[in-house]
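Good morning, and thank you for the time.

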Amino acid sequence: FVKPVLCSAVMGASASLSYMLFSKFTTGAFGSGRVWAATAAAMVGAVVVAVIVYFASVILTKTLTKEDVELMPGGKKLAKILKIR
């Protein structure tokens, strides 16, 4: 129970920080008339970062077991690549 909560907290923090960072860069890039485009670009970037951080934290904290990974499509191959025991 604690490991997934920890992974989620790390993911949430990374999503929030990356959104703020991306917002600073995209606001000037799209101009003042396209605020929606800047917001959308920052949000998509933050979601991508959050997915990568969550996946990495789940693997590093060993939250997923080999059996869990093998239930996914291509899981046996993925478990071998990630060396999950």
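Let me begin with a definition: on a 1 Å grid over the protein atoms alone, a pocket is an open set of points where a 1.4 Å probe fits, with protein on both sides within 12 Å along at least five of seven lines, and lining residues have an atom within 4 Å of a point. What we are viewing is a predicted model, in which local features need pLDDT of at least 70 and side-chain atom pairs count only at pLDDT 80 or more, while totals for chains, interfaces and linings use all residues. Residues are numbered from 1 along each chain as its sequence is written, and side-chain values use heavy atoms, with hydrogens and water left out.

Which residues line the largest pocket? They are Ile59, Lys62, Leu64, Thr65, Leu82, Lys83, Ile84 and Arg85. By class, this lining has 4 nonpolar, 1 polar and 3 charged residues, where Ala, Val, Leu, Ile, Met, Phe, Trp, Tyr, Cys and Pro count as nonpolar, Asp, Glu, Lys and Arg as charged, and the others, Gly among them, as polar. The volume of the largest pocket is about 170 Å³, taken as the space filled by probe spheres set on the points, with grid points joined across faces, edges and corners.

One of the lining residues is Lys62. Lys62 sits in the loop between α2 (35–60) and α3 (66–70); helices here are DSSP runs of H or I, at least four residues long, and strands are runs of E, at least two, numbered from the N terminus. Its phi is positive, about 60°, although Lys62 is not a glycine. Most residues other than glycine have a negative phi. Lys62 counts as exposed because its relative accessibility is 65%, the class being over 50%, with buried under 20% and partly exposed in between (1.4 Å probe, protein chains only).

Turning to the fold, the protein has 4 helices and 0 strands. The radius of gyration is 17 Å, well over the 12 Å that the globule rule gives for 85 residues, so the protein is more spread out than a compact globule. That radius is taken over C-alpha atoms, and the rule is 2.2 Å times the number of residues to the power 0.38. The C-alpha trace spans about 50 × 25 × 15 Å along its principal axes.

Finally, Tyr54 belongs to helix α2 and is partly exposed, at 31% relative accessibility. Beyond its neighbours within four places in sequence, Tyr54 is in contact (heavy atoms within 4.5 Å) with Cys7, Ser8 and Met11.
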